[in-house]
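Take a look at the model below.

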Amino acid sequence: MNSFQETIYLGNDAIARGMLESGCGFLYSYPGTPASEILPGFVSQADKEGVRVYGQWVVNEKIALESALTIAATGMRSAAVMKQVGLNVAADPLMSGAYLGVDGGLVVVSADDPGPYSSQTEQDSRFFAMLAKIPVFDPASPDDARLMTARAFALSEQHSLPVMLRPTATLCHARQNMVPAPLLHTDQTPCFSKNPHRWAATPRHRFVLHQQLNQKLAAIGHDPQFSFSCAPRGNQRLAIIASGFAWSLAADIIDAHPDLQAQITLVKVDLPFPLHQPSIDAMLADYRRILVLEETYPVIELQLGRREQVGGRLDHAVPDAGELTPDLVKSIIYSQLEQKPPAPPRTRQKTIPRRPRLCPGCPHRSSFYALKTALKNGIYAGDVGCYTLGLNLKALDTCLCMGASITQASTLYQAYATRSDAPVPPIAAIIGDSTFFHSGIPALVNARMEDSRFVLLLLDNETTAMTGNQPTPASGLRANGSQGPKLPLEEIIRGCGISRIQVVDAYEQQLLQKELVAAWNYAIHPEGAIAVIIARHPCMMDPEARRSARRATVVVSDDCTACGTCIEEYECPALIADQTGTVRVDPVTCVGCGLCIDICPFGAIIATGNGQDR
């Protein structure tokens with residue numbers, strides 16, 4: 001790729017490009033959709049163009065931000081990348097880091113998920129920036145994100161502050177032509193200036209730092225580079241203030257409808273916090289009506305004030321939740337003008353929604369089936385990952401946040417054991433390998449300390465599957481593909497004070513059921529404790545694992561009674577029922593794992609041909 005030719009970039013790759021063009025040499029991240037491609041893009045683009053950088057997956061977002069803050073304290077440029085719920089995990093260093101500041105530039109990328117499509121919440125990271133009192137950029141397109149990344153580093157160094165870049169999911173995965181700038185080769189060396197009053201500030205000094213932080217924000221709020229005011233032209237009745245991808249949607253709609261151009265002034269806000277105060281005053285003075293379009297919370301709208309002339313999320317001119325779509329934005333704009341939007345040119349063909357489900361051959365499906373079969377009427381505390389889809393299989397009862405399954409299982413045991421005369425029901429915590437590294441380890445230490453009793457079913461597919469198969473510390477693989485030390489799950493669990501650990505191939509259904517029963521019997525025994533079963537089998541979406549996997553040609557015989565057991569209890573996408581309920585195997589989707597053969601109560605699912613190697 002020639003660096004100076006127009007090239008199509010994915011939004012996340014454009015952000016990575018902006019970091020490299022800005023001389024950012026260190027990037028830390030925990031994978032989370034929609035931000036997962038930024039770190040790989042950072043590493044691969046630097047490698048192709050011979051720029052020395054350090055980019056690493058870390059076990060959670062708190063560590064990512066702590067690492068980036070430390071690099072920035074040595075005068076170099078760094079970044080921490082995460083999704084919006086990951087910012088919750090990083091809240092502690094974010095709040096403190098705003099007070100302490102940085103010497104080099106620091107950009108925190110928090111990618112939001114309006115909708116939400118792959119998150120527990122659709123929270124707005126810009127509110128977190130307000131809470132932490134750090135500036136936040138809101139890009140409107142991939143190229144905007146690339147250029148704003150450079151502006152964010154410059155602003156960070158100008159005011160010695162962490163600065164946030166907040167892309168949204170649509171932007172992260174949009175593609176756009178752009179002309180990249182050359183990468184900035186930097187051979188900066190770390191220079192840590194000892195200053196205990198700053199880097200180890202006591203509460204008394206923190207108060208001083210807070211006052212200084214307020215002064216920095218006030219200065220940024222009057223910086224002309226962030227002005228967004230625009231005087232009305234002719235008899236324009238309405239001003240729309242928008243930021244991020246919402247601005248792009250509004251701009252496209254106004255461009256496509258000439259009748260709107262004469263009536264509306266559209267202004268773009270690059271920095272939603274702190275909002276440029278002179279622009280606020282000018283817009284309120286110049287327009288009778290202002291509509292604010294932003295995803296997801298009313299960050300700009302709140303700073304404008306709840307005046308009669310301002311509308312948006314707060315007065316329900318814009319729905320107070322959910323993603324902004326082109327049709328919705330068009331409807332909102334015309335309603336503000338008290339006009340009906342033009343009829344769509346043609347009726348779109350409706351698509352039938354299909355709920356998300358575990359992939360064909362997913363080892364988690366087998367584990368969930370074994371769990372609900374072996375520990376009937378149990379309470380299954382779940383966690384965050386692709387295995388949250390165990391809900392479909394009725395093998396998951398809770399899902400709070402990353403790492404909460406172990407704490408919830410522990411707490412449920414304590415509740416039943418201390419406040420109920422009835423026998424404690426079977427209790428299981430289900431967590432994936434990457435989530436266990438992320439925040440399951442402290443929870444397990446605490447549960448062991450409380451002497452709680454439950455079965456920990458650790459679903460080890462040897463990768464972070466939900467976000468694109470990033471490696472975990474168990475493999476020792478680094479982001480650039482180099483091999484580091486491996487950290488086996490068994491040793492870590494043993495170090496948490498757990499002595500009973502069984503490792504079972506998740507595909508061995510009967511053995512897994514037997515071990516789950518034995519684990520619960522051990523856990524509930526007076527001399528027992530937490531019992532851990534590691535259900536291990538590689539993710540079938542990993543190309544290498546798929547190539548080396550056993551394969552069987554699976555068909556459904558005429559013995560199928562249309563009982564629906566395989567569809568309802570197993571839910572493999574390769575099993576398809578026709579209108580009569582009779583099941584067939586989709587040969588294109590089926591990966592040949594053969595796990596469904598044991599599920600059919602009538603033996604109607606069978607292996608045929610030469611592939612009967614199961």
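This is a predicted model: local features need pLDDT of at least 70, side-chain atom pairs count only at pLDDT 80 or more; totals for chains, interfaces and linings use all residues.

Residues are numbered from 1 along each chain as its sequence is written, and side-chain values use heavy atoms, with hydrogens and water left out.

Begin with the sheet. Five strands build an open sheet, in the order β13-β14-β15-β17-β16, and their pairing is parallel. Helices (H or I, at least four residues) and strands (E, at least two) are DSSP runs, numbered from the N terminus. Two strands pair if DSSP finds at least two bridges between them. β13 (379–381) and β16 (500–505) each have a single partner strand and stand at the edges, so one side of each lacks a neighbour in the sheet. From one strand to the next, the twist averages 20°. Angles run from 0 to 180 degrees between N-to-C directions; axes are lines fitted to C-alpha atoms, for helices over the stretch in contact.

Now follow one pair. β16 and β17 (531–536) pair in the parallel sense over six bridges. Asp-505 has Arg-536, in β17, as its bridge partner.

Helices pack on this sheet. α16 touches β13, β14 (427–432), β15 (455–460) and β17, and its direction makes about 165° with that of β15. α20 (509–524) touches β14, β15, β16 and β17, and its direction makes about 170° with that of β16. Contact here means heavy atoms within 4.5 Å.

Next come the pockets. On a 1 Å grid over the protein atoms alone, a pocket is an open set of points with protein on both sides within 12 Å along at least five of seven lines; lining residues have an atom within 4 Å of a point. Grid points are joined across faces, edges and corners, and a volume is the space filled by probe spheres set on the points.

How many residues line the largest pocket? The lining has 46 residues, and Val-384, Gly-385, Cys-386, Thr-388 and Met-466 lie nearest the centre. The volume of this largest pocket is about 840 Å³. α18 gives the most to its lining, with four residues.

The second largest pocket has a volume of about 370 Å³. Its lining holds 18 residues, with Gln-56, Trp-57, Thr-472, Pro-473 and Leu-477 nearest the centre. β3 (54–57) and α18 are the elements that give two or more residues to this second lining.

How values were computed:
On a 1 Å grid over the protein atoms alone, a cavity is a set of points where a 1.4 Å probe fits but cannot get out, and a pocket is an open set with protein on both sides within 12 Å along at least five of seven lines; lining residues have an atom within 4 Å of a point.
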